[in-house]
Amino acid sequence: MEEIEALKQRCKGVIKRIEKLPSSTKIPESCKKTLFKLANSELNYLSRLSSPIPVSSNIGHLESVVYILQQPFITGVSRVYRNPRYVSWDGSDKGKGLKLRVEEVLAAAVSSPSLKPCSVVLFFSNGVGEFVNNHLIGEYGAAEFNLSDFEFFEEVEDGWVNVLSRSFRDACMLEIKLNFCGSAASSSECGVKHTIGDVPGFTLQEKNKKVSLGGAFGSLLSQMKFCCEVELDHLLNEGNLINFDTTALIALVSGISNGCAEKLLATPDIDLRQRFKGNTQFVIAQALSEIQTPIDKELGGVIAGKKGIICESVLSEFKELVSMCGGPNEKLRADELLKCLMVVHDSPSVRMVGLPTTRKLALKNKVVFGTGDHWRAPTLTANMAFVRAVSQAGMSLCTIEHRPRALTGD
């Protein structure tokens, strides 16, 4: 009975971890419902057992699936095998071997331009035999993950328990890189247009001899690195690029982000409504948010040490918005911000282009986010509606969320 009780507790633990899985931007609700159904079915089965008979349970399989879904680099699981030490590599008359199943998974991974992942991860919760392991490495170039880097813990009444060391002490996780991810984009392929601040090594302090940008804004830009065309091919392999969409640029130069929040809140309500029309409450909420948590601190940790890129569409839209709605200080900050960035041609990735263009997946957003994807740069954005729409279409996308800010005429 002790064995049954232990299995029941493991089931309850799995159900709790399913509840804590990330939101729909990573794990679809349909996936969660399936896992809940399987876990509850297993718990009901164990609860019906009344005698200490040998028990065959699927809980280890479910723990493996949930464990994989908790990893930050995973957006889905193709298949998890039980008792992999006894899986046949070549198969038999009774069923497929692991080799054929792996080939089916790899074929599915590259079948849709929109859903191409960079790698396929195979997770063996009970380890894998040497024969199978050697074939995965030799035939598919699989590389082993160090599982110690991905430990997670389960909270219980008397403290914290290392779930991985208990449930997956014999686990093995292998990654198979897919061929189409090996060809890095080059500056000529992506179409580097120009660097707006085209003097390499030109520091913000040197620029500010002529223009005063203000403490927070100047400090924020000084944390960024400047880039020139000859550097970009090298940077693709270093992860030093960050793609700015229009919302991110507006947030950086907005008067709200640069000392005007309290002044806005002190403005009579009638004046605010004449100025911002139907967006008044939106602007007030942003000002209150800024006073509570200044956005420069949030963005500083994101862009520090990074080299920024924007595509031509973003440059055009940003300039137009600042020209129409920006005040003199916001226009000044916009000019200085653009000097720090590299402008690249609109060059959305193949997989982004492959997504259908709909109201939620607007073409202009596909171009902006797709260009970041093409350059393998996360896109800094407040446009989470588009990010959710991409996720719901089944595609993972590297983005960094920031709080929105509006131009105020500062």
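Buried, as I use the word here, means under 20% relative accessible area. Keep that cut-off in mind, and note that this is a predicted model.

I'll start with helix H3, residues 59-69. Nine of its eleven residues are buried, so the helix is largely enclosed by the rest of the structure. The buried ones are Ile59 and then Leu62, Glu63, Ser64, Val65, Val66, Tyr67, Ile68 and Leu69.

Next, the sheet. It is open and has three strands, ordered S1-S5-S2, with antiparallel pairing. Strand S1, residues 119-124, and strand S2, residues 143-144, are at the edges, and each of them pairs on one side only. Between S1 and strand S5, residues 172-177, there are six bridges, and these two strands run antiparallel. To find one of these on your screen, go to Val120, whose bridge partner in S5 is Ile176. Across S1 and S5 lies helix H5, residues 130-140, at about 15 degrees to S5.

Which residues are closest to its centre? Of the 26 residues that line this pocket, they are Thr246, Thr247, Ile250, Glu317 and Leu321. The elements that give two or more residues to the lining are helices H11 (246-253), H13 (269-276), H14 (280-292), H16 (312-325) and H19 (363-374). And what is the lining made of, in terms of nonpolar, polar and charged residues? It divides into 14 nonpolar, six polar and six charged residues.

That covers the helix, the sheet and the pocket.

Methods. Residues are numbered from 1 along each chain as its sequence is written. This is a predicted model: local features need pLDDT of at least 70, side-chain atom pairs count only at pLDDT 80 or more; totals for chains, interfaces and linings use all residues. Side-chain values use heavy atoms; hydrogens and water are left out. On a 1 Å grid over the protein atoms alone, a cavity is a set of points where a 1.4 Å probe fits but cannot get out, and a pocket is an open set with protein on both sides within 12 Å along at least five of seven lines; lining residues have an atom within 4 Å of a point. Helices (H or I, at least four residues) and strands (E, at least two) are DSSP runs, numbered from the N terminus. Ala, Val, Leu, Ile, Met, Phe, Trp, Tyr, Cys and Pro count as nonpolar, Asp, Glu, Lys and Arg as charged, and the others, Gly among them, as polar. Two strands pair if DSSP finds at least two bridges between them. Contact means heavy atoms within 4.5 Å. Axes are lines fitted to C-alpha atoms, for helices over the stretch in contact, and angles run from 0 to 180 degrees between N-to-C directions. Buried means under 20% relative accessible area, exposed over 50%, partly exposed in between (1.4 Å probe, protein chains only).
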